[in-house]
Amino acid sequence: MTYIGEPDYRHGSPQSLGILITNLGTPDAPTPAALKRYLKEFLWDPRVVEAPRPLWWLLLNGLILNTRPRKSAAKYAQIWGEDGSPLLTTTRAQGAAVAERMAELLPGPVKVAVAMRYGNPSIRAGLEELRRAGARRILVLPLYPQYAASTTGSTFDAVTQEVSRWRWVPEIRFVMGYHGDPAYIQAVADSIREHWQAKGQGERLLFSFHGIPRDYLDQGDPYHCYCQTTARMVAENLGLPEHQWQVAFQSRFGRQQWLTPYTSETIAELPGQGVKSLDVVCPGFSADCLETLEEIADESREAFLEAGGECFSYIPSLNTRRDHTNALADLIMRHIQGWPEADPKYDYEARREAGEQARERAMAMGAKN
Ligand SMILES: C=CC1=C(C)c2cc3[nH]c(cc4nc(cc5[nH]c(cc1n2)c(C)c5CCC(=O)O)C(CCC(=O)O)=C4C)c(C)c3C=C
Ligand SMILES: [Fe+2]
Ligand SMILES: [Fe+2]
């Protein structure tokens, strides 16, 4: 629908709502060439690697992009599904599920788009999709429960940078995290309970979160603290005594110190401390991906068994669980408060009709398009 001039509240034009659901991103294919493209974009982001640029450029282009793509491609090949990367297929399915749920909760239309911070579908493509649907108000929901500058902060940069090129900037709000959201905590705890009912409970529950360089914490990033909070709240919900759970950080990159304890070291030490059966859950990952399916469910399992462990169980991410979808939709509802589309009395049809009439009046008056 095209308007003559600006849609205007006085004429009752509809202002439609767009939700941009994002995640980190993934290569287009499990090949060294696709990984090189993906890693180049990802690792050049100053929110991800904060090292001084000229030096980092040399290291990245001279060394890392000549070695890592091949190794990472081999890992991706192990988890690649029929429809592509699990992270992307799951995020798309989450977007569709949230859209369905939002249609139940809201009186007017809502457009949901899915985008990835790196790779495809890009943030630009996602925002374009919303713009074409006529979204004048946009809520951005990065699927990172625990805020980190490298993830949520970087998504903020990408969205605002993209919109800075638009002539007509929409209203934008961001969900900056939900590490302690009761419905999210409940969903994680219930997923663990259900896993225990089906497969039995291990002697220890390990909460494994993606790491960041220790230096980022020292400079004030709240991520470490938020991970501890999530883990403690889930453990409390489960009624787990302190000695039956712990937190560790996975997926270290490079030589610097990262958040400790490291998941890999913790898992190798536990059997020696008498823990023979272990459950691992990764509540920082909304969707199963390379870091959970390959690094935890595969590599870590092997490491645990090799170190003398007997039983290793990976508890899947929330993915498209119904309680996850509902928790995300509730989060959206709370963040769009005050926007007319969130008002149950908002009469979308009446507004649309009034808008049409205003448009016709303007046409009759000979306004130029
Ligand atoms: C180099 C620094 C990195 C930082 C800092 C970092 C933070 C960070 N990452 C996630 C979530 C994911 N990371 C994933 C893959 C991945 N991460 C890094 C590096 C850093 N991450 C690399 C190089 C890769 C690519 C794979 C590899 O070559 O090892 C993924 C999985 C993507 C997939 O396609 O499945 C996720 C998800 C968080 C939450 C985070 C900080 C809190
Ligand atoms: Fe990462
Ligand atoms: Fe990894």
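**Ground rules.** A note to myself: this is a predicted model, where local features need pLDDT of at least 70 and side-chain atom pairs count only at pLDDT 80 or more, while totals for chains, interfaces and linings use all residues. Residues are numbered from 1 along each chain as its sequence is written, and chains are lettered from A and ligands numbered from 1 in the order in which they are written.

**Back to the ligand.** Which residues are closest to ligand 1? I found 24 residues around ligand 1, the closest being Thr26, Ser72, His210, Cys289 and Leu290; a residue is near if its C-beta atom, placed from the backbone, lies within 6 Å of the molecule. Two or more shell residues come from each of strand S1 (16–26) and helices H1 (32–43), H2 (53–79), H5 (149–163) and H10 (290–306). Helices (H or I, at least four residues) and strands (E, at least two) are DSSP runs, numbered from the N terminus.

**Domains.** I then looked up the division of the protein chain: domain 1 (9–178 + 322–348) and domain 2 (182–315), with bounds from an automatic or database domain assignment. Ligand 1 lies between these domains, because both give residues to its shell. The domain centres, taken over C-alpha atoms, are 25 Å apart. Their contact takes 24 residues from domain 1 and 22 residues from domain 2, counting C-beta atoms, placed from the backbone, within 7 Å.

**Sheet.** Next I traced an open sheet of 4 strands in the order S6-S5-S7-S8, with parallel pairing; strands pair if DSSP finds at least two bridges between them. S6 (245–250) and S8 (311–315) are the edge strands with a single partner each, so one side of each has no neighbour in the sheet. S5 (residues 204–210) pairs with S7 (residues 277–281) over 4 bridges, and I noted leucine 278 in S7 as the bridge partner of arginine 204. Helix H8 (residues 223–238) packs on the sheet, touching S5 and S6, and its direction makes about 150° with that of S6. Axes are lines fitted to C-alpha atoms, for helices over the stretch in contact, and angles run from 0 to 180 degrees between N-to-C directions.

Just after H12, I noted glycine 366 with a positive phi of about 80°.

Note on methods
Two residues are in contact if their C-beta atoms, placed from the backbone, lie within 7 Å.
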